[in-house]
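Student: Could you walk me through this protein, starting with whatever term I need first?
Tutor: Of course, let us look at the model together.

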Amino acid sequence: MQVTKYAHSCVRVEHDGGVLVVDPGVFTEPEALDGADAVLITHQHPDHVNPETLARALERRPFTVNGPASLAGVLGDAAEALTAVAPGESFTAAGVAVRAYGGKHAVIHPDIPVIENLGYLINDVVYHPGDSLDVPEEVQVDTLFAPIHAPWSKFAEVVDFIRAVAPRRAYALHDGLLNSNGFAVLDRQYTALSNTEYQRLEPGTRFDA
């Protein structure tokens, strides 16, 4: 598989001619959806799904959209493409095997309702947790995308999440709200403490998985 990290939480996977895109939100470069055969959405927050951009891409080229059932209420014109996914479900998207984990978004504040969130294990190799720290059970993850910064996250908890997943390597995810000062601090700390090969990729960076 060839994997491209786009801005914030978007990841594009290309495998055997198929194109799978995860979480193309409002911070994501529009070209991430070019040629997409399937899209995975972890949850309904706009930094993970942009209904207008999704609808325009669907007009150019139909594709499947997989995600929590609650997405139907926010997708607008793109809602017809949605196939609802439940935690623990396995399916195929763009010819790639996918397993869904978790089910709930991390708690932001007790006064904010907890919404649905799914983490996706792609081809038993790459894990994208969305806005959660759910650890996939009974699987050895090779490549983890770790959400390094969010209103709901705490640095120590993210470090412990990376250690619990114990991947061969971890790449930064959910980093669109940081500036250069934050990157300098967090990159140094995650590199020192995550107990794996950690790296933050610039948007557009491609690698093999």
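Tutor: We begin with the word contact, which means heavy atoms within 4.5 Å. This is a predicted model, in which local features need pLDDT of at least 70 and side-chain atom pairs count only at pLDDT 80 or more, while totals for chains, interfaces and linings use all residues. Residues are numbered from 1 along each chain as its sequence is written, and side-chain values use heavy atoms, with hydrogens and water left out.

Student: OK, so what is Lys 5 in contact with, leaving aside its neighbours within four places in sequence?
Tutor: With those neighbours set aside, Lys 5 touches residues including Cys 10, Val 11, Phe 145, Leu 173, Asp 175 and Thr 205.

Student: And is Lys 5 buried or exposed?
Tutor: Lys 5 has a relative accessible area of 1% and is therefore buried, a word that stands for under 20% relative accessible area, with exposed being over 50% and partly exposed in between (1.4 Å probe, protein chains only).

Student: Which strand is Lys 5 in?
Tutor: Lys 5 belongs to strand E1, residues 2-5; strands (E, at least two residues) and helices (H or I, at least four) are DSSP runs numbered from the N terminus.

Student: Switching topic, how many helices and strands are there in the protein?
Tutor: The protein contains three helices and 14 strands. Its radius of gyration is 16 Å, close to the 17 Å from the globule rule for 209 residues, so the protein is as compact as a globular protein of that length. That radius is taken over C-alpha atoms, and the rule is 2.2 Å times the number of residues to the power 0.38.

Student: How much of the protein is buried?
Tutor: Buried residues account for 52% of the 209 residues.

Student: What about strand E3, which residues of it are buried?
Tutor: In E3, residues 18-22, five of the five residues are buried, with Gly 18, Leu 20 and Val 22 on one side and Val 19 and Val 21 on the other.

Student: Which way do E2 and E3 run, parallel or antiparallel?
Tutor: Strand E2 (residues 11-15) runs antiparallel to E3 and is joined to it by five bridges, where pairing requires that DSSP finds at least two bridges between two strands. Two residues lie between E2 and E3 in this hairpin, and Asp 16 in the turn has a positive phi of about 50°.

Student: And how does E4 run relative to E3?
Tutor: E4, residues 38-40, runs parallel to E3, with three bridges joining them, and Ala 38 in E4 is the bridge partner of Leu 20.
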